[in-house]
Amino acid sequence: MTWPILGITLFLPLLGSAVLALIPASRTMAVRTVGIAFAAATFALSLVMLVSFYATPKVGSAVLGGSVHGRSLAHVASPITFQFQEQLSWLGSTRALGQFRQALNQGNNGVNQAFAPPINFSFHIGVDGLAVWMVALTGLLFLLAAVALSRREDRPRSFLILMGLAETGVIGVLVSLDLVLFYFFWEAALIPLYFQLLGWGGPRRGAAALKFIIYTVAGSLFMLLAILGLYFITGAETGVYTFDVPTQIAMATQVIGQHPTSLTIFGHVFTFLTPEQWLFLAFALAFAIKVPLVPFHTWLPDAYGSGTTPFLIFFAGIVSKLGAFGLIRYNLALFPQASHFFQPVMLALGVTSILYGGLMALGQRDIRQIVAYSSISHLGFVVLGIFALNVDGLGGAIVQMVNHGIIVAGLFLCVGMLEVRFGTRDLGRMGGLARPMPIMAGMFLVLVLAGMGMPLMNSFVGEFLILLGVFQVSPAWAVAASLGVVIACWYMLRLYQGLTQGAVRIPGTGGEERRAGGSVSGGGVRDLRALEIALLAPLVAVCIGVGIYPSPIISTIRFNASQYMRLDGRGPQALMPTLGLGVASSSAPQPPGGGSAP
Amino acid sequence: MNHNLFPGFIGLSAALFAIGAVGVLVRRNPIVVFMCIELMLNAGNLALIAFGRFTHTMDGQVFALIVITVAASEVVVGLALITGVFRSGRGLDVDELSEMRE
Amino acid sequence: MDAATVRLLVAGILGLPTLGFLVVTLGGTLVPRRVVRLLGPGVIVGAFACVVLLTVGVLERAPADRSITVTLWHWLSLGGKHGGFGATFNVLVDPLSLVMMGVITGVGGLIHIYSVGYMAEDRGFNRFFAYMNFFITSMLVLVLSANLVFLIIGWAMVAFASYALIAFWYERPTAVAAGRKAFITQVIGDVGLVLAAFLIFLNLRGRSGNLLHTVDFATIFANVGPGAHFHNGLGPAGSGLVTVIGLLLFAGAAAKSAQWPLHTWLPDAMEGPTPVSALIHAATMVTAGVYLVCRFHPIFEQAPTAGAVVAVIGMGTALMAAIIGCTQFDIKRVIAYSTMSQIGLMIFSAGIGAYSAAIFQLVAHAFFKALLFMAAGNVIHGIGGEQDIRQMGGLRRRLRFTYPAFAVGTLALSGIPLFAGWFSKEELLGNGLVLGPATPWLWVAGVVVNVLTSFYSFRVLWVTFHGEAHGEEASKAHEAPRVMVGPVLVLAALAALFGFTNIDFGTFHPITIVATFLAPVFGPIARVPAPGVALLALLVGTALSMGGLGLAFLVYGRQAIARDLVPRRAPWVYQLSLQKFYWDEVYDAMLARPMVGLATACRRVIEPGVFNGAVDGVRSAVQTLADDFRTFQSGLLRDYALVFFVFAVIGLLVLGLHLT
């Protein structure tokens, strides 16, 4: 790697925000141009990375050093292959890192208890096949949001500045390879999102923003505790205290599961969960809120109901995927055995989300809420695929994450275009719009079909693989989830047909409906403008393109997906040496080696 | 100054401080409140210098200098705030400025 | 014919309709109507030409060598050492897919030409041809696919095309509702198909007992069921697994082919334009279920129980639909029920293992049913959109070409000797004497179906074309333009003559042109009835079919028997038939309403009560606590300072006490 493309991609939106802050707010045209230019540049860089990754999906730091319990890891691959890695030592200082490297080189003799644990935290970023797609999706959706920002929107400069901050935060979450850095970006992304939700949108946006931030922060608090817990547990076991994600993955998969499964509280010994399982739960709670899975979902309808359309494009499109991303990158990779332990629970939550979200979508009259609840239902599929714990399910889940980002952004765009035209979101007050707006109807149709998982659309690929993956684990869950497909067909058709078919009904501006007969063309309603077509066209094209030819996306993620599946040592290709169970073997702290060398 | 005077300095300092504190609590004119704060700071300065003298170190004087610096900056900021509030046409009454509620 | 030529022809077959679709869709209303008029049917006729060339090429090969696989593109692969999923878009050209393609592009092409006239006045002309071309592409993907994944993709694509065309006149609420019903039913079938695919993918074992993890037909069929090298890739014959797979596959087939219990969408689908009914809901898409069962014949042969279920449901649906057909008044609905009934017979035939008979009936049915629909379309076109046969009558004098064509279709449908339907249905039923469950009784049921079929077919013929004109429109009816009459006459000729390709009076043994062509796919039929029995069955069946004709003549032609005989004597039978066995009501009460009720309950009770309730509970608890503390907050700086001082003094006192 000759130039730090990933770091530039990460901080370019931030730079954009800084530049925007220097432009006077009154010069809206310049503000808009700069905002779009930076979003476009970020997207272009993410595409360059994507193409480069696609060309060589297996390149990256491949080897861990050091040894675990006397077994050399010199020829052992890093558990997950990351590309475009950049690492700058930060708090832990170069001294600590040097000691750490030295300890690795000296194998099991070099480190002892006296080795003072530095706060081994570095600016370490990199992408795997999952993250590289998510970064590209982020770039696309933020670009679309910047373009979609309405001319009539209040305070465009502030909105664009916050958007740049949010984009850096989101990309940071995706590319961080250090737990502290990850947590920092995870929280940092919330702040601009909160203010965007608070400052722009419907009348109930204040309550929605508050609900969103409280939910998310409550979840991430547990995650912070779990990060610290992980740091100290693996540190105590191995003598290597680090926040580095690849190293933690290599260590955590080996040492945490071997702990005694008891906790002593007030003298009573409870032996129901291992520390690994506690850590899993803490991480999973944060991510389940973000996804959201059904018992934790109530912030979503409020937030989706009150945000503006450009906000929803990236908020629904990418921010909700961060939860699913975290489930893969952290829960699956760090706690593979707990993942197996909690598999039934997570599958049950996934199926509940699918069915409950679908039923709720079926019962709504507000077109935004239909999309919002359909989003819950679709993300249930993603979680289902992740916790199928096999390559098919995980591959499907990753594909579906990208797909859903595209679809939900498109649906919210369409819904927003209708809202702008008619000033209402009531399904009962609109109808027959295919007559006055044929282009909108056509593009909306593609998105709706994609949303219901029609074959030859992108989400068929994802849902097929997810269901196949789940079917291998439990046919009953797969059958229950496929009921969700039928419900999805139902509510999506209800949405599409209600809006575009039937007699032409156009809500008038004075609150009175103009009822037009079959022969009236619904005059006065404009079909999509060129800009709106340009916004929807790439999404529609991706929906169809990925459905017809999903091979590129699959071949990019295939290698990393199989790596995630090997981590628990149960797969046929387990690379990590299996350690003996029990406390005795882990009592002598040993360095396991780390993957910090780029 | 001999050590016999030390309790006197401390007593004076405490008295000044108490006067300042009561002034802050009871007066409604912000400028008077501000002067009372200055009084409290200087009471502190007096105590610091007295302690420094008592222990034969320079620490007390150094602290007092720092406090004077802080007090000077505070005057700048505080008077600017008071002027700003006055200009906004809300009079000079601290009880009128109750935006902190809710 | 070399591989490159085959690939080129396949690309032409799939590509031409796609091209038509893309041009018209992307161009929208910018494409002039006269271009669409040529392009729409043109691409289909071009595809048909490719099919003919391909068939010629395949016929040059030896019979055992007539199955050609062409790889189009790599769909996805999660595979490798881990055994993840992978699929490639392969195309399978074999006699079965060639027959299907011939029907799809041939009959489809005629219907496209017909549509140029039928839809001429419609403002959605371009959209119509876009959908129609898309349908042809989808149907071709379905029959050409060499693996389960693309079969499913085609399966769902035709469902969408069918939806779009049923709801073509989207301003009619009934059409919109019918489209939705059809689509949701199809998705239920798709789910069955997907689950069957999963079971096959996950359980199919090779000769050495290794899991194969494949969805390719060739591999599946090579490892399942009877073949040259007998091998039970999915467990022993009749085992639970293979039976479940068979039943799931049939769930897909039943949804597509409108078989009980997934049949209620088909009559409603008549809301679409008549060419759509002819193309999709008579000739091609609804017969895809038959194709599916035939394509998966090795699995059904391994699962006799599933096969028996297929046969019984097929015959049961045939009987039910025939009974319903006797009392309906909408001309298109009568034909729709007859379609359901005839497809039931095909499904029955496929279920008992007489595959080539099923396919023969499929082809013959495509001819005469498309003919009937298009002729009915001419009638509807001629009398200004009326579809109720009670408003017609006496049309034979006005529709000089349509009348004989409709009559040929009716004769063929009724199984009158020497018309196509006679050959196909008698062959199909004859097999029922020796194959399948409940051997002679299903044959008896089939004969009853035939009698009812000829009864209601001639009822329609008489009421529509004979007697006196009943409506004002009917007396002013006019013949359709040439572009509509032409295809009808071509199909009439085919319906009249196609049966002779099946002629074999010597042995009553289905060694005929079609069966011979299909033999490499299906292998020899398991058993055939003895010639004597077959001849007797043929005579009895034919005589009874003619009896149905006679009965209709007595009721509606001569009016020797009162029309209200059945309604008076057995009103419940009449009501059952008129109300379509109440299936719509049953599903509405058992499925649709509970689902909507559940959704409403979620929205009204669970979401606000349980989920938001829990959140609000926490929120209000915090709020109450906060409100209590709020009294401290007066907003007066002095109060805050006082509190500060008080606590500072207390703190200092505590500190002082602590130090001393």
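Ground rules first. This is a predicted model, in which local features need pLDDT of at least 70 and side-chain atom pairs count only at pLDDT 80 or more, while totals for chains, interfaces and linings use all residues. Residues are numbered from 1 along each chain as its sequence is written, with chains lettered from A and ligands numbered from 1 in the order in which they are written. Helices are DSSP runs (H or I, at least four residues), numbered from the N terminus.

**Helix 15 of chain A**

I looked up its burial next. A residue is buried if 20 or more other C-beta atoms, placed from the backbone, lie within 10 Å of its own, exposed if 12 or fewer, and partly exposed in between. In helix 15 of chain A, 10 of the 14 residues are buried, so the helix is largely enclosed by the rest of the structure. Among them are A:Met440, A:Phe444 and A:Leu447. The cover includes helix 14 (391–422) and helix 17 (475–500) of chain A, and also helix 5 (148–166) of chain C. I count cover by contact, meaning C-beta atoms within 7 Å. After the helix comes A:Gly453, with a positive phi near 75 degrees.

A:Leu456 has a positive phi of about 75 degrees. I found A:Leu456 in the loop between helix 15 (438–451) and helix 16 (458–473) of chain A. A:Leu456 is buried, with 21 other C-beta atoms within 10 Å. A:Arg155 also has a positive phi, about 45 degrees. A:Arg155 is partly exposed, with 14 other C-beta atoms within 10 Å.

**A helix pair in chain C**

I checked helix 16 (residues 402–414) and helix 18 (residues 439–465) of chain C. They pack at about 165 degrees, with axes 8 Å apart. Axes are lines fitted to C-alpha atoms over the stretch in contact, and angles run from 0 to 180 degrees between N-to-C directions. The two helices are therefore roughly antiparallel, a term for angles over 145 degrees.

**Cis peptide bonds**

I noted one between A:Val291 and A:Pro292, with omega about -10 degrees. Another joins C:Trp260 and C:Pro261, with omega about 5 degrees.

How values were computed: Parallel < 35°, antiparallel > 145°, perpendicular 65-115°, else oblique. Contact = placed C-beta atoms within 7 Å.
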